[in-house]
Amino acid sequence: MKVLIDDTKAGVDFDVVIRSGQAAIQFFYEYEFLEVSLLGIDFDLGDELFNGLHVLQHLENSDVLPASIVIASNNPVGRQKIAAYLREIGFTERVGRFVR
């Protein structure tokens, strides 16, 4: 299953689109055994409590972070923060996505 976490973009190539950080955390909590083959994530989620980096940190701490991630953010600073975090936790960048 392909999951996109983004408050505004259409998820044409994704099976599930989640519009806020809180909803994303709840989704992965409820469906922790669901096999997610690809996660697309935005940095600015229009959510004051959680941005995309917060969501990734929560998923990593909960041990449910998918092995393939695409950063879908137009925010260059946010994109860099997410990329740095993914590298820090063992992901490598390959052809536009991060894999573990």
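**Exercise 1. Which strand pairs with β1 over 4 bridges, and in what sense?**

Step 1. Locate the strands: β1 covers residues 2-5, and β3 covers residues 38-41. A strand here is a DSSP run of E with at least two residues, and numbering starts from the N terminus.

Step 2. Apply the pairing rule: two strands pair if DSSP finds at least two bridges between them. β1 and β3 have 4 bridges, and they pair in the parallel sense.

Step 3. Pick a residue. V3 stands opposite L39 in β3.

This is a predicted model, where local features need pLDDT of at least 70, side-chain atom pairs count only at pLDDT 80 or more, and totals for chains, interfaces and linings use all residues. Residues are numbered from 1 along each chain as its sequence is written, and side-chain values use heavy atoms, with hydrogens and water left out.

**Exercise 2. How many bridges join β1 to β2?**

Step 1. Find β2 at residues 16-18.

Step 2. Count: 3 bridges join β1 to β2, and the two run parallel.

Step 3. Check one pair. L4 has V17 in β2 as its bridge partner.

**Exercise 3. Is V36 buried or exposed?**

Step 1. V36 sits in the loop between α1 (21-30) and β3. A helix is a DSSP run of H or I with at least four residues.

Step 2. Read its relative accessibility: 12%. Buried means under 20% relative accessible area, exposed over 50%, and partly exposed in between (1.4 Å probe, protein chains only). V36 therefore counts as buried.

Step 3. List its contacts (heavy atoms within 4.5 Å). Leaving out residues up to four places away in sequence, V36 touches M1, V3, F28 and P66.

Step 4. Compare sequence and space. V36 and K2 are 34 residues apart along the chain, yet their C-alpha atoms are separated by 5.8 Å.

**Exercise 4. What pattern does the chain follow, and why does it count as compact as a globular protein of its length?**

Step 1. Count the elements: 3 helices and 6 strands.

Step 2. Read along the sequence: β-β-α-β-α-β-α-β-β.

Step 3. The C-alpha trace spans about 25 × 25 × 25 Å along its principal axes.

Step 4. Of the 100 residues, 44% count as buried.
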